[in-house]
Amino acid sequence: MLSDETITQIADELVAAGQNRTPVARLTARYPEMTIEDSYRVQNLWRKRSEENGRRLAGRKIGLTSRAMQMATGITEPDYGIIFDDMIHETGVEITWADYTHPRVEVELAFKLGKDISGPGATIFDVLDATDYVVPALEILDSRIEMEGRTIVDTISDNAAMGSMVIGGNPVRPNDIDLRWVSAILFKNQIVEETGVGAGVLNHPASGVHWLANKIAPHGDGLKAGEIILAGSFTRPMWVHEGDTVLADYGQLGTVTCRFV
């Protein structure tokens, strides 16, 4: 394990990188002995620094839950990160491309919780019971660490590459639709770039949510009523550039769109 001093140094570097848009050198190149536990220590301290600066927790994101994402990154286990309230946008938003380092877009479902979910032993039934509604979303990935050669240790330290999210479409109750068969067509500048279905996320989008509740339980943490949980992408990440318009068509769940300016 890395020393507390090193963890503090890394967390402070990442806070600065998020402000000046200059990625830091890959952590696993500088600290080859760094572990997944170390990376979550970095993330937790980064979260604390952010909250001290006035940011407010709004939910969590789960990453690397689908085969498409694992193949795209070479990382074979899920991870998670923090969503702050200033990361959440509504459909139709214009997003300043220069505010991000390496922006990419993914198609996801977001779960809005009406009840707490606590592990260990949380199940998919607990998630469906606790969820007020599910809403279509786009996740915008960012990177405060250089991307070449990244491992899960780097990604977790970097708040699971969370940049921001866009929500829209038609909110639905989780029991009113088969979430495994929710499909999405992802367009960039009117061209279809990716397609996918919800079952690509651990065979059911809700599976990632109870995985997360159980994962954070040993640290005395849980998912709280009112939080929004991004359940993981069922498409590969799509690179975006200044001037690009992105639209995800979720069929009966409606559309989500944003434009990078």
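**Ground rules.** I worked from a predicted model, in which local features need pLDDT of at least 70 and side-chain atom pairs count only at pLDDT 80 or more, while totals for chains, interfaces and linings use all residues. Residues are numbered from 1 along each chain as its sequence is written, and side-chain values use heavy atoms, with hydrogens and water left out.

**Helix pair.** I looked up α1 (residues 4-20) and α3 (residues 36-52), which pack at an angle of about 55° with their axes 9 Å apart. Helices here are DSSP runs of H or I with at least four residues, strands are runs of E with at least two, and both are numbered from the N terminus. Axes are lines fitted to C-alpha atoms, for helices over the stretch in contact, and angles run from 0 to 180 degrees between N-to-C directions. I therefore noted α1 and α3 as oblique to each other, since angles under 35 degrees count as roughly parallel, over 145 as roughly antiparallel, 65 to 115 as roughly perpendicular and the rest as oblique.

I then listed the contact (heavy atoms within 4.5 Å): α1 brings residues including Ile-7, Leu-14 and Val-15, and α3 brings residues including Val-42, Leu-45 and Trp-46.

**Cavity.** I next asked how many cavities of 30 Å³ or more there are, and the count came to 1. On a 1 Å grid over the protein atoms alone, a cavity is a set of points where a 1.4 Å probe fits but cannot get out, and lining residues have an atom within 4 Å of a point. The largest cavity has a volume of about 40 Å³, taken as the space filled by probe spheres set on the points. I found it lined by Leu-14, Trp-46, Arg-144, Ser-157, Asp-158 and Asn-159.

**Backbone.** I saw that a cis peptide bond joins Gly-119 and Pro-120, with omega about 0°, and I placed Pro-120 in the loop between β5 (104-113) and α5 (124-130). Ala-160 has a positive phi of about 55° although it is not a glycine.

Notes
1 Å grid on protein atoms, 1.4 Å probe; cavity = no way out; pocket = protein on both sides within 12 Å on 5 of 7 lines; lining within 4 Å.
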